[in-house]
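Welcome to my notebook. I went through this structure one item at a time and wrote down what I looked up.

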Amino acid sequence: MLKISTNSLHGPALPDDTTVHLVLDLALKIGEVQMSSGAGAADVTATILSVTESYGLPHTEVDVIYTSISVSCHRGTEALPITSIRVVRQRSLDYTRLADVEHLVRNLGPIEEAHARLEDITNAKHPYPRWVATAAWGGMAAAVAFLVGGGLVLALTAAAITAVVDRVGRILNRRNLPFFFQQLVGGALGTGAALAIFSTGLLPVRPSLLVAVGIVVLLSGLALVSTVQDAISGYNVTAAGRTVETVLLSAGLIAGVALAIRAAVHFGLDIRLSDPLPALISAVPMQFAAGAATSAFFALACYARPRALVAAAISGAIGTAAYGLMTSFGLDALLGSAVAAAITGFGGATMTRRLRIPTLVVVQAGVVPLLPGWTTYRGLFQLTAEGDPAGLSTLVFASGIALALAGGVVFGEYLAQPVRTGLGRLERKFAGPRMSGPLKPSKRRLE
């Protein structure tokens, strides 16, 4: 029988089994909150490792996919590793919860106290009543209407339709209707209401602008930024999962809009497509205000705190101004969107780390005013109402704009990394775009 000297046995000095299980459970719950809030897999991995290292578990492996998180603690050559897994079942955009979890990770205390604090965070109600979120979605629609050159009547109409769509979506969500069908119903309801109002002649509104506003609102909740971030960071399985979900929800939206347009054509409604939409409104002060309001209302609809609302408004103003400047220089919508998003990502990353606000909140809100709502509607109109195959090219172009926005944000965040100072070893280990989670472990090690 082979005998091994005890001197050859080596491994990390770890706490007892109970403590290891508590630490892994805490780390998994924190990762679940981040994943459900739209954080990227790289951010979740780095945060979990930050937590485990802070509690004296230096040799931990993390595997993150879109629907589950696995953590395994290596305990040397004498003891078996301890592995835990947690399934991510729900998705909820609550940026206050995300910020509270980041604050918890930055200020870890005793493990029992950390568990209690996390339990309070996850069980807490949203910081605002549900009607505030509905009003915020309506306000966002009104701001987008101003951004694309609509007047007060168009803004009020868009706000009212969006509020109704949000409440209907809330009812459908309570009945556990899959999100694909929720997007389909939202697209059909918003488009149908816009075309019906235009056909009656009751309000002097352009249906193309009204539908485009609704599409922007419904697209804003998709995890485009996190999808591209995962793909660039090498988390291909998670990126594939997010891509499938994004494509499926977008398909539901497209199906709903196309269904409403087709129904309008069938009933003989006059829904002529107006002239091409200008790049952005020409009045610079209004452009700043509309872009800022769009991003701020989006952040409010996702339950961000007041300080985050201000940062989101600044990010939206910068993004829309940068896009307007790029297009004035002759850049097309695709390249202009990428450059504007890169500026937004760079500014958001440098601003939020000092303010202790999750970067994801600000950069995602910052690119919402630039989402290709009108281009998507034009492509669907060409295919459905006009029977023009060129609509496919228009839809591909709209998809390219969305990818350019997401990729530009991630690239801008990457460029911002050298600007930050005092990065810890863990941050350097996971060098790459970071949208969520602390840059450094807890303020003190808890051996």
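In which helix does Gly324 lie? I found Gly324 in helix H12, which covers residues 306-328. Helices here are DSSP runs of H or I with at least four residues, strands are runs of E with at least two, and both are numbered from the N terminus.

**Ground rules**

I am reading a predicted model, in which local features need pLDDT of at least 70, side-chain atom pairs count only at pLDDT 80 or more, and totals for chains, interfaces and linings use all residues. Residues are numbered from 1 along each chain as its sequence is written, and side-chain values use heavy atoms, with hydrogens and water left out.

**Entry: the whole chain**

I started with the overall picture: the protein chain has 17 helices and 3 strands. Of its 447 residues, 54% count as buried. Buried means under 20% relative accessible area, exposed means over 50%, and partly exposed lies in between, with a 1.4 Å probe and protein chains only.

I then looked at contacts, meaning heavy atoms within 4.5 Å. Among the contacts in the protein chain with a separation of 6 or more, 73% are between residues 24 or more positions apart.

Next I checked how H12 packs. Two packed helices are described by the angle between their axes and the distance between the axes. The axes of H12 and helix H13 (residues 333-355) come within 8 Å and cross at roughly 150°. Because of that angle, H12 counts as roughly antiparallel to H13. Axes are lines fitted to C-alpha atoms, for helices over the stretch in contact, and angles run from 0 to 180 degrees between N-to-C directions. Angles under 35 degrees count as roughly parallel, over 145 as roughly antiparallel, 65 to 115 as roughly perpendicular, and the rest as oblique.

The crossing of H12 and H13 is right-handed. A crossing has that name if the near helix is turned clockwise from the far one by less than a right angle, and is left-handed if anticlockwise. On the H12 side, the contact includes Arg307, Ala311, Ile314 and Tyr323. On the H13 side, Ala340 is one of the residues involved, and Met351 and Leu355 are also among them.

How many residues of the contact of H12 with H13 are nonpolar, polar and charged? I read 12 nonpolar, 5 polar and 1 charged. Ala, Val, Leu, Ile, Met, Phe, Trp, Tyr, Cys and Pro count as nonpolar, Asp, Glu, Lys and Arg as charged, and the others, Gly among them, as polar.

I also looked up Ala338, which is found in helix H13. Ala338 counts as partly exposed, at 21% relative accessibility. Leaving aside neighbours within four places in sequence, Ala338 is in contact with Ala404 and Gly408. Ala338 and Ala404 are 66 residues apart in sequence, yet 4.7 Å apart in space, C-alpha to C-alpha.

My next pair was helix H6 (residues 152-174) and helix H8 (residues 207-219), which pack at an angle of about 45° with their axes 10 Å apart. That angle makes H6 oblique to H8. H6 passes H8 in a right-handed crossing. In this contact, Leu154, Thr157, Ala158, Ile161, Thr162 and Val165 of H6 meet Leu209, Leu210, Val213, Val217 and Leu218 of H8. These residues divide into 9 nonpolar, 2 polar and no charged.

I then turned to Gln183, in helix H7 (residues 179-200). Is Gln183 buried or exposed? Gln183 is buried, with a relative accessible area of 12%. Not counting residues up to four places away in sequence, Gln183 touches Leu218, Leu222, Leu249, Gly252 and Leu253.

**Entry: two loop residues**

Asn176 sits in the loop between H6 and H7. Although not a glycine, Asn176 has a positive phi of about 60°. Asn176 counts as exposed, at 67% relative accessibility.

Tyr303 lies in the loop between helix H11 (284-301) and H12. Phi of Tyr303 is also positive, near 65°, but Tyr303 is buried, with a relative accessible area of 5%.

**Entry: cysteines**

Last, I looked for disulfides (pairs of cysteine sulfur atoms within 2.5 Å), and the structure holds 0. Cys73 counts as buried at 0% relative accessibility, and Cys302 is buried at 1%.
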